[in-house]
Amino acid sequence: MNPYVQYMYSYPHKTAYRPLKGVYLKDYASVLAGKGHGLYLHIPFCQSKCGYCNLFSVTGLGQEAVDRYLDVVERQSRQYHEVLAAVGAEFSELVIGGGTPLYLTEQQLERMFFILSRDFRFCENRSLVVETAPNQTTREKLEILRQAGVSRISMGIQSFSDKELSALGRQHNAKKARDALALIKTVAFPCVNVDFIYGIPGQTAESLLASLKEVLQFEPEEIFLYPLYVKHGARMVREGVVLEPEAAFAQYQAASSFLRGSGYRQDSMRRFVRQEGTRTFSECGFGTSIGLGCGGRSYLGNLHFCSPYAITRKDCLARLRDYENTTDFMEITHGMILSKEELKRRYVIRHLLIRPGLERNRYQEVFGEDVLEAFSILRVWIAQGYAALEPNGYLTLTEAGLGVSDYLGPQLISPAVAKAMHEWEVIHGQTYDSVSGKPEKL
């Protein structure tokens, strides 16, 4: 069994989205009335494309291209403002991701925050999350983030081994990562998150633990551990890199045990949090958020939408040109309207893969059925020791289940969504064997 089939960070996947007609933001704006919504701004620019990256990002563009992009973000932001102000939308979370948001200059960062603060209304205690990378982390930019009220900064370190960083195609070295993290800690953000990757060719459990032991000296509030995926469009696919899932899983087991023993609570397969106690239940299956920028995804009830999924430089540049040429952002042209069946699957996936898990009674209240009857696969997982029905009524993944979340989660994908995803892969020339996870030639 390959435990690394697919990362289920959201559902349905963007590759299941299709063209939409006759769908307009104004008809769904009421979903964003009142408080408690999320706003996501996508900054697609990067210094370089990492060898494993299959995200929407573009490289090799100068500051004029960034200025042009911000012009369009401002146009989109102003149009959204007119609709959202009418329903009293108030946002409790702002996330700025990429790409590499700190690829922007100081002046561009200041302009970006000005646009957001002018056109959107935020709760008094809103969270503000920003992603960065070692090479783009400077004291001047961190000061701008501090003044903007950033509450969580996230940096992809991936490894403190130069050999492993080179294998990943990262442009920073270990010293640069150390210096950047030390600089971040001087600003005293409420939460500092760092990312690491395991399953890197040539990596061992010992070298992974060495990186984690070193990062603990910086006392980050959160650590994310990501298994290395090599999917369609990534440079490592073209280079013929072959992964070793068994070795990766052994590294995960060693790393997760080490972090739990070092005072970090494990909330999911990937997330480790430095704090006491257990994670409290937070209903997230129906969260509403609006995306800005090319690649920003929106969730408005049963309507999910974004620009068409793109990975390669050619496709990403084409999507970027489409975005820049858009004059009317009120019409939603690409996405998916989820059926009740898909909403149920999304609810189960969004809760079960994260501690404390799925509250059985709450699912019954929302959908009028017992989750164990609706999804018989969950009884199989309980029998296999991957899940457990706790005395408090929560269905929770066991320690064994957490470790194979990327194997369990895809089993909850509906046949219709699986078919749409497969069709996308066929069109783009790549599918993956469901058992080995290796690419299949078409």
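Helices (H or I, at least four residues) and strands (E, at least two) are DSSP runs, numbered from the N terminus. The model is predicted: local features need pLDDT of at least 70, side-chain atom pairs count only at pLDDT 80 or more, and totals for chains, interfaces and linings use all residues. Residues are numbered from 1 along each chain as its sequence is written, and side-chain values use heavy atoms, with hydrogens and water left out.

**Strand E9**

I noted that strand E8 (residues 191-198) pairs with E9 in the parallel sense over six bridges; pairing requires that DSSP find at least two bridges between two strands. From E8 the chain passes through helix H6 (residues 205-215) to E9, a right-handed β-α-β crossover (with the strands pointing away from the viewer, the path from the first strand over the helix to the second runs clockwise).

I then followed E9 to strand E11 (residues 271-273), which is antiparallel to E9 and joined to it by three bridges. Phe224 has Arg271 as its bridge partner in E11.

I recorded that E9 (residues 222-227) is largely enclosed by the rest of the structure, because five of its six residues are buried (under 20% relative accessible area, 1.4 Å probe, protein chains only).

**Tyr323**

I located Tyr323 in helix H9 (residues 313-324). Tyr323 is buried, with a relative accessible area of 5%. Leaving aside residues up to four places away in sequence, I listed its contacts (heavy atoms within 4.5 Å) as Tyr69, Val72, Val73, Arg75, Gln76, Gly293, Cys294 and Phe329.

Note on methods. Buried < 20%, exposed > 50% of the residue type's maximum accessible area, 1.4 Å probe, protein only.
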